[in-house]
Amino acid sequence: MNSFDWVSGQGQPLHGSVRIPGDKSISHRSLMLSALADGTSRIRGFLEGEDTRATAAVLSQLGVKIETPAGGERLVHGVGLHGLRAAAEPLDCGNAGTGMRLLAGLLAGQAFDSTLIGDASLSKRPMRRVTDPLGQMGARIDTQEGLPPLHIHGAQPLHGIRYALPVASAQVKSALLLAGLYAAGSTEIIEPHPTRDYTERMLAAFGWPITFSPGSAKLDGGHALHATDVDVPADFSSAAFFLVAASIVPGSELRLPAVGLNPRRTGLLQALRLMGADIQIENPRESGGEPVGDLLVRHAPLHGIELPEALVPDMIDEFPILFIAAAVANGRTVVRGAAELRVKESDRLASMATGLRALGARIEETPDGAIIDGGALGGGEVQTHMDHRIAMSFTVAGLVATAPVHVRDCSHVATSFPGYRELANACGFAIASV
């Protein structure tokens with residue numbers, strides 16, 4: 001094992017108030033729109049993760065001054081829609097798929113060439129789903145057979161298109177909307193299923209005229225963004241690990257304050273409630289156009305379900321931890337319509353199925369989902385495949401496994417959840433670094 005391996009074992013009943021870091025998706029978008037705005041924007045609750053810092057570093061390379069007055073805060077001095085300047089070196093997105101895909105749309109409308117690169121994991125992730133529709137708008141982007149790096153040719157006149165997404169994806173939708181800021185005419189995106197609308201809400205908050213409803217978004221090019229302050233809510237995807245952990249560990253009760261509850265993001269909340277989870281929303285409110293609430297979760301016996309396919313797009317990042325819940329629930333859980341999981345940071349269907357089998361779970365992998373028969377989990381060793389959500393999910397499995405769970409290579413956890421192990425251990429987990 002290396003120094004990034006963790007061992008998770010049975011801890012105590014989970015108690016306390018857990019302050020989850022800021023939402024990663026909103027942190028990325030707030031940086032980008034602040035950079036393109038006229039004036040100075042202050043971002044509070046910014047996620048201090050490697051992914052979001054990579055996006056900040058890219059924008060700095062493009063000539064944007066970004067200050068850090070305190071942890072979790074950024075002061076972004078916007079350069080206006082046409083104020084970015086060419087970088088001398090390739091722009092390194094690290095492990096951030098959101099960063100790379102959104103930046104591809106943003107940079108397609110610039111007057112200069114750019115090259116986007118990433119780490120070994122990101123370099124294996126498909127980009128044609130973004131580059132093909134951007135090409136229909138007039139962009140010229142070279143790839144390595146559909147994979148990064150992306151070489152984006154500047155000075156290409158863009159024009160708006162009406163594009164029906166073949167697969168629902170908030171990242172692709174957002175990339176096209178960002179390119180649409182620079183395009184002549186209207187850009188309209190139609191989705192097969194509604195996805196999270198962070199970009200639409202934030203464009204409106206920054207003053208860009210946009211119309212959107214679940215499943216569609218439309219804007220015209222040629223307007224301006226105006227600086228605004230952004231309060232980033234706690235990341236629901238990060239809260240998900242604690243929601244499942246407290247649900248499956250007897251005697252647990254956790255409070256998670258100020259969690260973002262965008263309805264296009266909280267499919268897991270509905271899925272867990274269908275499985276019998278005891279999760280309450282307290283003090284619901286709105287912050288910066290986003291719904292927010294405090295979550296109170298108590299232990300409850302979970303049972304298997306046939307997951308409604310309508311929930312799949314609203315929980316695409318939460319399937320690894322759902323699989324853990326299903327593996328210890330009473331009865332069978334059936335997941336369909338989740339083929340998108342095969343092209344995340346890893347093939348999450350295959351990675352979770354392999355890892356759960358190593359712990360003695362009964363799981364049948366299907367082309368677009370899985371059939372999981374719940375029961376007891378044993379100890380064992382699992383591979384993360386450089387995927388942060390898989391790593392954290394198996395630390396939750398260790399809480400109820402009959403022997404310790406060795407989680408290989410957790411180095412990527414910091415991309416989305418810096419300080420995860422310390423925060424988890426403080427409320428009753430037992431995760432040791434090896």
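Helix α6 (residues 198-205) lies across β12 and β13, running at about 150° to β12. Helix α5 lies across β10, β11 and β13 (216-220), at about 170° to β11. Axes here are lines fitted to C-alpha atoms, for helices over the stretch in contact, and angles run from 0 to 180 degrees between N-to-C directions. Contact means heavy atoms within 4.5 Å. Helices (H or I, at least four residues) and strands (E, at least two) are DSSP runs, numbered from the N terminus. The model is predicted: local features need pLDDT of at least 70, side-chain atom pairs count only at pLDDT 80 or more, and totals for chains, interfaces and linings use all residues. Residues are numbered from 1 along each chain as its sequence is written, and side-chain values use heavy atoms, with hydrogens and water left out.

Four strands make up an open sheet in the order β10-β11-β13-β12, and the pairing is mixed. Strands β10 (162-164) and β12 (210-213) are at the edges with a single partner strand each, so one side of each is left without a neighbour in the sheet. On average, neighbouring strands of this sheet are turned by 10° against each other, direction ignored. Two strands pair if DSSP finds at least two bridges between them. Strand β10 runs parallel to strand β11 (residues 186-190), joined by three bridges, and Arg162 stands opposite Glu188 in β11.

## Burial of helix α5

Helix α5 (residues 170-180) is mostly covered, with 11 of its 11 residues buried. Buried means under 20% relative accessible area, exposed over 50%, and partly exposed in between (1.4 Å probe, protein chains only). Among the buried residues of α5 are Gln171, Lys173 and Ser174, as well as Leu176, Leu177 and Leu178.

## The β21-β22-β1-β23 sheet

A further open sheet has four strands in the order β21-β22-β1-β23, with mixed pairing. Its edges are β21 (380-383) and β23 (430-433); each has a single partner strand, so one side of each is left without a neighbour in the sheet. Neighbouring strands of this sheet are turned by 25° against each other on average, direction ignored.

Strands β21 and β22 (residues 405-408) pair in the parallel sense over four bridges, and Gln383 has Arg408 in β22 as its bridge partner. Helix α11 (residues 388-400) packs on the sheet and touches β1 (6-9), β21, β22 and β23, its direction making about 35° with that of β1.

## Antiparallel strands and hairpins

Strand β20 (residues 369-373) has antiparallel pairings with two strands described here: with β18 (residues 332-335) over four bridges, and with β19 (residues 362-366) over five bridges. Val335 has Ala370 in β20 as its bridge partner, while Ile363 stands opposite Ile372 in β20. A hairpin with two residues joins β19 to β20.

Strands β8 (residues 140-144) and β9 (residues 147-153) also pair in the antiparallel sense, over four bridges. Asp142 stands opposite His151 in β9. The hairpin of β8 and β9 has two residues between the strands, and Glu145 takes a positive phi near 55° there.

## Packing of α7 and α9

The axes of helix α7 (residues 236-248) and helix α9 (residues 319-328) come within 9 Å and cross at roughly 10°. The two helices are therefore roughly parallel to each other, a class for angles under 35 degrees, with over 145 counted as roughly antiparallel, 65 to 115 as roughly perpendicular and the rest as oblique. Ala240, Phe241, Val244 and Ile248 of α7 meet Ile321, Ala325 and Val328 of α9.

By class, this contact has seven nonpolar, no polar and no charged residues. Ala, Val, Leu, Ile, Met, Phe, Trp, Tyr, Cys and Pro count as nonpolar, Asp, Glu, Lys and Arg as charged, and the others, Gly among them, as polar.

## Aromatic pairs

Rings of Phe, Tyr and Trp (its six-membered ring) pair if their centres lie within 6.5 Å; planes under 30 degrees apart count as stacked, over 60 as edge-to-face and the rest as tilted. By this rule there are eight aromatic pairs. The ring centres of Phe241 and Tyr420 are 6.3 Å apart with planes at 70°, so the pair is edge-to-face. This pair links distant parts of the chain, as Phe241 in helix α7 and Tyr420 in helix α12 (residues 420-426) are 179 residues apart.

Phe241 counts as buried at 2% relative accessibility, and Tyr420 is buried with a relative accessible area of 1%. Tyr420 also pairs with Phe417: the centres are 5.2 Å apart and the planes at 70°, so this pair is edge-to-face. Phe417 counts as buried at 1% relative accessibility. Ring pairs link Trp6, Phe241, Phe242, Phe417, Tyr420 and Phe429 into a cluster.
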